[in-house]
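Let us take a friendly walk through this protein together. Please keep the sequence and the 3D view open as you read.

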Amino acid sequence: MIVSYRISFPEPLILPSAASLRIEIRDTSLIDAPSVTLAVTLYHADQLANRAFIIGTVELPEQISPKAAITLWAHLSLSGEVRVNKEDFITTSAYPIMKTDEHGQVVVAMQPVDSSARAT
């Protein structure tokens with residue numbers, strides 16, 4: 001299965017060279033347990049500079065349970081770290097991959113972790 005996505009940022013961003021966008025497709029169906037990461041896609045600062053959105057695809061493993069709740073999660077790290085920091089941007093809502101727009105894309109909006117912080 002191939003998942004198409006469109007991830008939008010609050011504004012076109014001027015990013016430090018270390019910045020990276022990590023997109024994870026997760027199975028969030030397990031009760032009282034951490035989600036399971038099924039696929040990861042990474043973008044680097046030069047692929048994201050001065051863009052208000054990014055469109056892409058990710059391929060999922062074929063052996064996914066039909067009962068699985070599959071969602072997209074994204075983290076734009078200004079430092080390039082995996083850990084979320086207050087100056088970063090993340091998804092703050094659940095984005096089920098079966099819920100798409102008229103183009104078949106999961107439409108995702110990134111939000112600042114700390115609304116008083118802005119990318120420079």
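**Ground rules**

This is a predicted model, in which local features need pLDDT of at least 70 and side-chain atom pairs count only at pLDDT 80 or more, while totals for chains, interfaces and linings use all residues. Residues are numbered from 1 along each chain as its sequence is written, and side-chain values use heavy atoms, with hydrogens and water left out.

**Overall fold**

The protein has one helix and eight strands; helices (H or I, at least four residues) and strands (E, at least two) are DSSP runs, numbered from the N terminus. Read from the N terminus, the order of the elements is β-β-β-α-β-β-β-β-β. Along the principal axes, the C-alpha atoms fill a box of roughly 40 × 35 × 20 Å. The radius of gyration is 14 Å, which agrees with the value near 14 Å for a compact globule of 120 residues; this radius is taken over C-alpha atoms, and the globule rule is 2.2 Å times the number of residues to the power 0.38.

Of the 120 residues, 39% are buried. Here buried means under 20% relative accessible area, exposed means over 50%, and partly exposed lies in between (1.4 Å probe, protein chains only). The protein exposes about 7000 Å², and carbon and sulfur atoms supply 53% of that area; the areas come from the Shrake-Rupley method with a 1.4 Å probe. Among contacts (heavy atoms within 4.5 Å) with a separation of 6 or more, 63% join residues 24 or more positions apart.

How many residues of strand E5 (residues 70–77) are buried? Eight of its eight residues are, and the strand is mostly covered. In a regular strand the side chains alternate between the two faces of the sheet. In E5, Ile70, Leu72, Ala74 and Leu76 point one way, while Thr71, Trp73, His75 and Ser77 point the other way, and all are buried.

E5 pairs with the strands in the table below; two strands pair if DSSP finds at least two bridges between them.

| Partner of E5 | Sense | Bridges |
|---|---|---|
| E2 (residues 20–27) | antiparallel | eight bridges |
| E6 (residues 89–91) | antiparallel | two bridges |
| E7 (residues 95–96) | antiparallel | two bridges |

Arginine 22 stands opposite histidine 75 in E5, and leucine 76 stands opposite phenylalanine 89 in E6. Leucine 72 has tyrosine 95 of E7 as its bridge partner.

Threonine 71 lies in E5 and counts as buried because its relative accessibility is 12%. Leaving aside neighbours within four places in sequence, threonine 71 is in contact with Glu24, Ile25, Arg26, Thr28, Tyr95, Pro96 and Ile97. Threonine 91 belongs to strand E6 and is also buried, at 6% relative accessibility. With the neighbours within four places in sequence left aside, its contacts are Trp73, Ala74, Val108, Ala109 and Met110.

**The nonpolar core**

The largest nonpolar core has 29 residues, and those with the most contacts inside it are Ile7, Phe9, Leu21, Ile25, Leu72 and Leu76. Such a core is a set of buried Ala, Val, Leu, Ile, Met, Phe, Trp, Tyr and Cys residues joined through side-chain atoms within 4.5 Å. The elements that give two or more residues to this core are E1 (2–8), E2, E3 (36–44), helix H1 (45–48), E4 (53–59), E5 and E8 (105–112). Which of the elements gives the most to this core? E5 does, with four residues.

Leucine 21 is in contact with Phe9, Thr41, Leu42, Tyr43, Leu48, Ile54, Ala74, His75, Leu76 and Met110, leaving aside its neighbours within four places in sequence.

**Loop residues to look at**

Most residues other than glycine have a negative phi. Aspartate 32, in the loop between E2 and E3, has a positive phi near 55° and is exposed at 80% relative accessibility. Asparagine 50, in the loop between H1 and E4, has a positive phi near 60° and is exposed, with a relative accessible area of 56%.

Glutamate 81 is found in the loop between E5 and E6 and is partly exposed, at 35%. Glutamate 81 and serine 20 are 61 residues apart in sequence and 8.0 Å apart in space, C-alpha to C-alpha.
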